[in-house]
Amino acid sequence: DSKSSEAGLKFLLLAALSSAVLLYGLVLIFGVTGTTHLELISSQIVQGSGGEGSPIFLLGVTLLIAGFGFKIATVPFQMWVPDVYEGSPTPITAFLSVASKAAGFAVIIRVFYGGLPSLALDWAVLFGILSAISMTIGNLVAISQVNIKRMLAYSTIAHAGYMMIGLATAASSTSAAEMISGPSAILFYLGGYALTNLAAFAAIIAVTNRTGDESIQGFWGIGRRAPFEAFVLAVSLISLTGIPPTVGFMAKLFIFSSAVNAGLIWLVALGLINSVISAYYYLRIVRSMYSSSSDDQVSLAATFPTRLALAVTAVGILLIGIWPQGLMSVADKAILGFVP
């Protein structure tokens with residue numbers, strides 16, 4: 001339809017533009033250092049022969065951040081997200097909200113911690129500013145949305161802001177343990193966020209495939225019409241809010257703890273305020289699913305494969321929320337490979 005055509009064209013053009021910006025940043029860094037090998041770039045900067053103080057080099061780093069900002073959907077590079085999420089088929093929206101964000105943050109950690117660690121004081125401050133703006137704008141604009149996929153689009157912008165808190169900790173990290181805690185918390189957050197978003201979108205797919213209504217009002221009263229699907233959606237929204245005993249609570253606990261250890265109290269305070277703001281539009285849906293009534297009382301029970309996916313993701317959200325050590329140990333081991 002027209003929305004899908006608009007979403008596809010907008011994503012194509014803006015993705016091409018962001019990729020060009022990202023590659024041009026890499027070209028500028030290569031032009032100054034003479035290499036694209038991350039370890040060699042890092043060693044040249046440390047030795048003072050990488051030209052890291054030159055305007056061209058700093059422009060290259062800035063363009064890198066802008067290009068990656070599009071991939072992870074952070075303000076002010078988020079203009080494509082609401083329309084693309086709303087116009088895409090729901091499974092594609094789920095993929096974009098999880099896979100592209102995870103890949104983007106993984107590459108950001110690899111490039112900035114592996115190739116530009118000595119400039120952490122500069123790029124970490126910039127990520128901290130982007131984090132504050134993304135959290136605030138994402139949550140405030142999400143409140144006014146009437147389409148559930150569009151609401152989750154602004155939600156993903158806000159969660160990108162939460163995750164960038166881990167990148168901002170690099171500016172104040174004074175030990176190897178503090179340097180690792182930020183990116184480790186990001187990887188844990190990514191794992192929990194992926195599981196939570198998959199559960200949310202699986203529940204949305206189960207309901208909207210039968211109702212054809214993607215508006216938030218279309219989910220009124222589904223606690224009676226589809227009790228299992230409503231329960232999983234409620235669990236995922238509670239996890240996105242950051243309420244125990246879900247993985248979302250542990251993810252925010254780890255990311256905020258790393259920021260506290262780095263002395264970024266102002267960023268933690270802003271994150272907590274934004275978490276309270278997000279509770280309004282997340283829990284509003286939970287309340288309407290169980291307290292509001294619907295004119296249509298036909299059952300919306302999903303197929304067995306969909307219910308199995310819902311069960312697995314819901315169990316994962318609660319299990320990791322109660323026992324987070326397993327996922328956190330995996331995140332720590334992954335980070336040790338390329339964080340100095």
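Reader: Before we look at any residue, what does buried mean here?

Author: Buried means under 20% relative accessible area, exposed means over 50%, and partly exposed lies in between, using a 1.4 Å probe and protein chains only. Keep in mind that this is a predicted model, where local features need pLDDT of at least 70, side-chain atom pairs count only at pLDDT 80 or more, and totals for chains, interfaces and linings use all residues. Residues are numbered from 1 along each chain as its sequence is written, and side-chain values use heavy atoms, with hydrogens and water left out.

Reader: Thanks! Is Thr90 buried or exposed?

Author: Thr90 is buried, because its relative accessible area is 7%. Its place is in helix α5 (residues 90-115); helices are DSSP runs of H or I with at least four residues, strands are E runs of at least two, and both are numbered from the N terminus.

Reader: Which residues does Thr90 touch?

Author: A contact means heavy atoms within 4.5 Å. Leaving aside residues up to four places away in sequence, Thr90 touches Lys149, Phe201, Ile204, Ile205 and Glu214.

Reader: Which residues in the largest nonpolar core touch the most other members?

Author: A nonpolar core is a set of buried Ala, Val, Leu, Ile, Met, Phe, Trp, Tyr and Cys residues joined through side-chain atoms within 4.5 Å. The largest one here has 97 residues, and Phe112, Leu116, Trp123, Leu167 and Met289 touch the most other members. Helix α8 (residues 176-211) supplies the largest share of this core, 15 residues.

Reader: Now for charges: how many salt bridges does a search of the whole structure find?

Author: Side chains of opposite charge can pair when their charged atoms come close. The working rule for a salt bridge is a side-chain nitrogen of Lys or Arg within 4 Å of a carboxyl oxygen of Asp or Glu. The search finds six. In one of them, Arg150 pairs with Asp83, with the closest N and O atoms 3.0 Å apart. Arg150 lies in helix α7 (residues 148-168) and Asp83 in helix α4 (residues 81-87), so this pair ties together parts that are 67 residues apart in sequence.

Reader: Which residue does Glu86 form a salt bridge with?

Author: Glu86 bridges to Arg150, the closest N and O atoms being 2.8 Å apart. Glu86 is in helix α4 and Arg150 in helix α7, so the pair ties together parts 64 residues apart in sequence. Both Glu86 and Arg150 are buried.
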